[in-house]
Amino acid sequence: MTAAVENPRSQGARVPEASRAEWFSSYDVAAFEQPSGREEIWRFTPMKRIAGLHTGVEATGVATIDVDAPAEVTVETVDRSDARLGQGGVPADRVAAQAYSSFEKATVLTVGKEARASAPVVVTVTGPGEGKVAYGHLQVRAELYAEAVVVIDHRGSGVYADNVEFVVGEAAKLTVVSIQDWADDAVHISAHHAKIGRDAVLKHTVVTLGGNVVRVSPTAAFADKGGEVDLTGLYFADAGQHFEHRTFVDHSAPNCTSNVIYKGALQGDGAHTVWIGDVLIRAVAEGTQTYELNRNLLLTDGARADSVPNLEIETGEIAGAGHASATGRFDDEQLFYLQARGIPEDQARRLVVRGFFHELLMKITVPEVRERLEAAIEAELEAVGV
């Protein structure tokens, strides 16, 4: 059974023509045709604004990766021959394959068996600089019973495409916060690949605040039963910015749980966000529990949000599955309630937006990161006069 909930504000939204189970993937960029922008996977992306990443443009610069990690975490710089690379997942589009074919060195972070990181691991990725193109690769490994929190902080200028892998071993717990806080000129296309082991837990949060065009595609696949995945996202798009998030949860093992929640706010002429949420429950994945939700808040005229949740089920023996999507303006009832209690309209609007994001901000367990994001949201609201 295939189902979709279409957002009335979406333009041309439809269920993909083929099952996600049949989508092509390869490490070889030559195995992919050059996309035109009319393909289902690219139809929302402004192809003219991604600096030729889909055409095979060569690297003209280097992005720097700095890692601040506690003693329990091993940090390595490896070359392409390292056998561990690719274990998290296989590229499913041409830009991801181009990034995989183009990087020279990869960074591998390993939390060893039964180790627990005593402090968050902070990975700072700085773009190659204005007008330059770079490719990268990062892998995070959490072995048997390991626990860690990893913050990936993207900043700077330039064009950057990469693959990020998360290999979560049996009964391991990995929490990831990926922040896209690029300069206004930046283009970033990133594919995240997660392989979830038996009884393992991955909590993965994407925060997108800056950049010209940012497209992040997190994929989570269960390698064994009992796994749990939370994919959450928070984004705030200004005039002219294009932020695109494409989540895919592949339930390929029984008795696993997934929960996807993405929320975004938009303001300014030409602000555009896209969320595509795919969940595939394969025939072997009995006992699956899954739900996905996307909410978008339009703060001004001229902004557009596309939202397409897709749920594909190949077995009826599941615990539960559902999805929801909504895009709209301020809730007039909430504003009336606050104003009726003496709160001025501008303050009431701020309170509504803060409440809109509160649930996701509370999921970020690193206080410094949460405070930084709260300040960034407050700055966005001041800029639009909310």
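Trainee: Which helix and strands each supply at least two residues of the lining of the second largest pocket?

Mentor: Strand S2 (64–68), helix H1 (94–102), strand S4 (105–111) and strand S6 (133–142) each do, and the largest share, four residues, comes from S6. These elements are DSSP runs numbered from the N terminus, where a helix is H or I over at least four residues and a strand is E over at least two. Please keep in mind that this is a predicted model, in which local features need pLDDT of at least 70 and side-chain atom pairs count only at pLDDT 80 or more, while totals for chains, interfaces and linings use all residues. Residues are numbered from 1 along each chain as its sequence is written, and side-chain values use heavy atoms, with hydrogens and water left out.

Trainee: What makes a set of grid points a pocket, and how is a residue counted in its lining?

Mentor: On a 1 Å grid over the protein atoms alone, a cavity is a set of points where a 1.4 Å probe fits but cannot get out, whereas a pocket is an open set with protein on both sides within 12 Å along at least five of seven lines; a lining residue has an atom within 4 Å of a point. By that rule the second largest pocket is lined by 21 residues, with Val62, Phe103, Glu104, Lys105 and Tyr135 lying nearest its centre. The volume of the second largest pocket is about 400 Å³, where points are joined across faces, edges and corners and the volume is the space filled by probe spheres set on them.

Trainee: How many residues line the largest pocket, and which lie nearest its centre?

Mentor: The lining of the largest pocket comes to 27 residues, and Arg20, Val90, Ala92, Thr219 and Phe248 lie nearest the centre. Two or more lining residues come from each of strand S10 (187–196), strand S12 (213–222), strand S14 (242–251) and strand S16 (272–281). About 520 Å³ of space lies in this pocket.

Trainee: How do the lining residues of the largest pocket divide into nonpolar, polar and charged?

Mentor: There are 12 nonpolar, seven polar and eight charged residues, where Ala, Val, Leu, Ile, Met, Phe, Trp, Tyr, Cys and Pro count as nonpolar, Asp, Glu, Lys and Arg as charged, and the others, Gly among them, as polar. In the second largest pocket the lining has 10 nonpolar, eight polar and three charged residues.

Trainee: Why is Leu138 called buried?

Mentor: Buried means under 20% relative accessible area, exposed means over 50%, and partly exposed lies in between, with a 1.4 Å probe and protein chains only. Leu138 has 4%, and therefore counts as buried. Leu138 lies in strand S6 and, leaving aside residues up to four places away in sequence, touches Thr107, Leu109, Val123, Ile152, Asn163, Val164 and Glu165, a contact being heavy atoms within 4.5 Å.

Trainee: What makes H1 mostly covered?

Mentor: Seven of the nine residues of H1 are buried, namely Arg94, Val95, Ala96, Ala97, Gln98, Ala99 and Tyr100. Their cover includes S6, strand S8 (159–168) and S10.

Trainee: Where does Asp199 lie, and why is Asp199 called partly exposed?

Mentor: Asp199 belongs to the loop between S10 and strand S11 (201–210), and its relative accessibility of 44% places it in the partly exposed class. Asp199 also has a positive phi, about 60°, although it is not a glycine.
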